[in-house]
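Please read the following note beside the sequence and the structure. The points are set out in order for discussion.

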Amino acid sequence: MKTRITELFGIQHPIIQGGMHHVGYAELAAAVSNAGGLGLITGLTQKTPELLAREIARCRAMTDRPFGVNLTFLPSVNPPDYPGYVKAIVEGGVKIVETAGNNPQQWLPALKDAGVKVIHKCTSVRHALKAEAIGCDAISVDGFECGGHPGEDDIPNFILLPRAAEELKIPFVASGGMADGRSLVAALALGAEGINMGTRFIATREAPVHDNVKQAIVAASELDTRLIMRPLRNTERVLTNAATERVLHKESALGAAVTFADIAPEVAGVYPRIMQQGEMEAGVWSCGMVAGLIRDVPSVQQLIDSIMSQAEALIRERLAGMLR
Ligand SMILES: Cc1cc2nc3c(=O)[nH]c(=O)nc-3n(C[C@H](O)[C@H](O)[C@H](O)COP(=O)(O)O)c2cc1C
């Protein structure tokens with residue numbers, strides 16, 4: 001399949017693995033890139049720019065295909081060493097960056113001067129247009145379904161993608177709720193040039209997370225996610241568990257007075273315990289509604305091959321067969 005996204009990034013299939021905290025290590029990024037998609041190392045999971053440089057070198061040893069780095073810009077009292085991370089990316093020879101969170105404008109000159117292509121992930125048409133205006137090369141349009149931070153507009157992809165198609169000139173991929181060949185064909189029909197997946201890639205053999213996490217996704221239905229931190233305007237879609245219930249209880253009990261400190265025990269610094277130790281009740285963790293479509297833990301190669309063959313069969317047989 002050839003789309004503006006496969007051309008832009010020099011990849012075989014229009015499938016991207018979105019940045020994921022404590023999931024997006026070199027093992028997963030390399031597996032996705034080796035299978036013909038675009039794998040991304042999650043920058044901030046590496047505690048320092050030096051560690052990111054090492055992770056980039058590890059990934060390069062595992063694949064000779066293009067891979068990228070996710071840089072998430074979070075509101076923070078003590079911001080991470082972003083200039084250092086950008087330097088590690090540029091000096092590591094990485095040519096693709098996925099930005100997310102805040103506007104990446106400040107970091108674009110350094111990235112662009114080094115020939116890095118930037119795909120900005122955002123949850124609204126207005127932010128996508130802003131990213132296009134400041135010089136981003138592509139957009140990852142993250143619908144309300146997505147695992148992680150869906151923003152505050154609550155527009156699902158069936159509306160958001162065609163709206164993006166109406167407005168954007170640069171190519172975009174559909175993110176949020178994508179699982180299989182049906183998702184890919186639907187995304188293409190709505191104007192996207194590929195898909196970005198998070199949750200689906202966690203339930204793969206190569207994802208370097210505890211098996212409990214993969215099994216929790218397989219066991220979950222589409223009804224098993226909740227939105228937390230809405231009162232803080234930092235909404236996150238997470239899997240339902242006891243920690244999620246505690247957060248929601250605090251939010252409803254404290255109302256508008258709730259602060260991050262109130263929910264920090266469930267939210268702050270819990271990812272390593274969940275993702276690497278498999279302590280599923282240690283806190284909250286991002287998960288998409290798409291869990292309802294995930295029933296197995298294939299290898300990344302099997303997953304990507306099945307997406308592409310299902311998509312091809314849908315286009316050639318089901319859709320073409322409906323025309324007369
Ligand atoms: C466990 C988990 C951690 C994530 N961490 C990040 C992150 O650190 N930065 C980021 O930009 N997106 C993050 N995301 C969002 C994904 O990159 C992707 O946009 C999202 O999962 C797409 O929705 P889906 O889960 O329905 O495929 C995370 C998602 C999950 C499930």
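1. A crossing is called left-handed if the near helix is turned anticlockwise from the far one by less than a right angle, and right-handed if clockwise. Helices (H or I, at least four residues) and strands (E, at least two) are DSSP runs, numbered from the N terminus. α8 passes α14 in a right-handed crossing.

2. The model is a predicted one: local features need pLDDT of at least 70, side-chain atom pairs count only at pLDDT 80 or more, and totals for chains, interfaces and linings use all residues. Residue numbers start from 1 along each chain as its sequence is written.

3. Helix α8 (residues 181–189) packs against helix α14 (residues 300–322) at an angle of about 55°, with the axes 7 Å apart. Axes are lines fitted to C-alpha atoms, for helices over the stretch in contact, and angles run from 0 to 180 degrees between N-to-C directions. α8 and α14 are therefore oblique to each other (angles under 35 degrees count as roughly parallel, over 145 as roughly antiparallel, 65 to 115 as roughly perpendicular and the rest as oblique).

4. The axes of α2 (residues 26–34) and α3 (residues 49–62) come within 9 Å and cross at roughly 35°. This crossing of α2 and α3 is right-handed.

5. Around the ligand stand 29 residues, the closest being Gly18, Ala100, Gly147, Gly198 and Gly288; a residue is near a molecule or strand if its C-beta atom, placed from the backbone, lies within 6 Å of it. At least two residues of this shell come from each of β3 (67–73), β8 (195–197) and α9 (199–202).
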